[in-house]
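My plan is to look up a few places in turn and note what turns up.

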Amino acid sequence: MNHSSHTSAEARAVLDAIRSLPDAYREPLILRLVEGMTGPEIAARIGLTHGSVRVNLHRGMQQLREILGRKDLPPTGGAL
C-alpha cells in the first residue's frame, strides 16, 4: 500500500468513526477538526455554552480514540 492510499484509508476510518459518534459529540468535532472553528465559534453556531462545547469536544475525542484504538489523534487545541 502506498503512502497516499494508506493516508486515504486512515482518513476514511477517522471519518467513519466520527460519523458513529452521538450528535452532541460529532457536530462539535467536525466543526473543530474539519472547519477549524474555535470553541466560542462552535458554541455560537450550535447554541451551547463555551463550557459545554469544551466538554463535548473532550468527550468526543475520548470516544474517537477508543473507537480507533489510537492515542495519537490530534488534540482539539488549547484555544477552545
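Entry 1. Is Arg70 buried, partly exposed or exposed? I keep in mind that this is a predicted model. I looked up the relative accessible area of Arg70 and found 22%. Buried would need a value under 20%, and exposed one over 50%. Arg70 is therefore partly exposed. I placed Arg70 in the segment after helix 4. I then listed its contacts, leaving aside neighbours within four places in sequence. Arg70 is in contact with Glu10, Val14 and Arg65.

Entry 2. I turned to helix 4 itself. Helix 4 has 19 residues. From its first C-alpha to its last I read 27 Å, close to the 27 Å expected at 1.5 Å a residue. Which residues of helix 4 are buried? I noted Val53, Asn56, Leu57, Gly60, Met61 and Leu64.

Entry 3. Next I looked up how helix 3 meets helix 4. The two pack at an angle of about 105 degrees, and their axes are 8 Å apart. That angle makes helix 3 roughly perpendicular to helix 4. On the helix 3 side, the contact is made by Gly39, Pro40, Ile42, Ala43 and Ile46. Helix 4 brings His50, Val53 and Leu57 to this contact.

Entry 4. What does Ile42 touch, not counting residues up to four places away in sequence? I wrote down Pro28, Leu31, Arg32, Met37, Val53 and Leu57.

Entry 5. Helix 2 came next. I found Tyr25, Pro28, Leu29, Leu31 and Arg32 buried there. They cover an arc of only 165 degrees around the axis, so they sit on the same side of helix 2. I asked what the buried residues of helix 2 pack against. They pack against helix 3 and helix 4.

Entry 6. Last, I looked up the largest nonpolar core. How many residues does it have? I read 14. Those with the most contacts inside this core are Leu21, Leu29, Ile42, Val53, Leu57 and Leu64. The elements giving two or more residues to the core are helix 1 (3-20), helix 2 (23-33), helix 3 (39-46) and helix 4 (50-68). Helix 4 gives the most, with four residues.

Methods:
Residues numbered from 1 in each chain as written. Predicted model: local features only at pLDDT ≥ 70, side-chain atom pairs only at ≥ 80, totals over all residues. Heavy atoms only, no water. Core = buried A, V, L, I, M, F, W, Y, C linked by side-chain atoms within 4.5 Å. Buried < 20%, exposed > 50% of the residue type's maximum accessible area, 1.4 Å probe, protein only. Contact = heavy atoms within 4.5 Å. Expected span 1.5 Å × (residues − 1). Axes fitted to C-alpha atoms, helices over the stretch in contact; angles between N-to-C directions. Parallel < 35°, antiparallel > 145°, perpendicular 65-115°, else oblique. Arc of directions from axis to C-beta.
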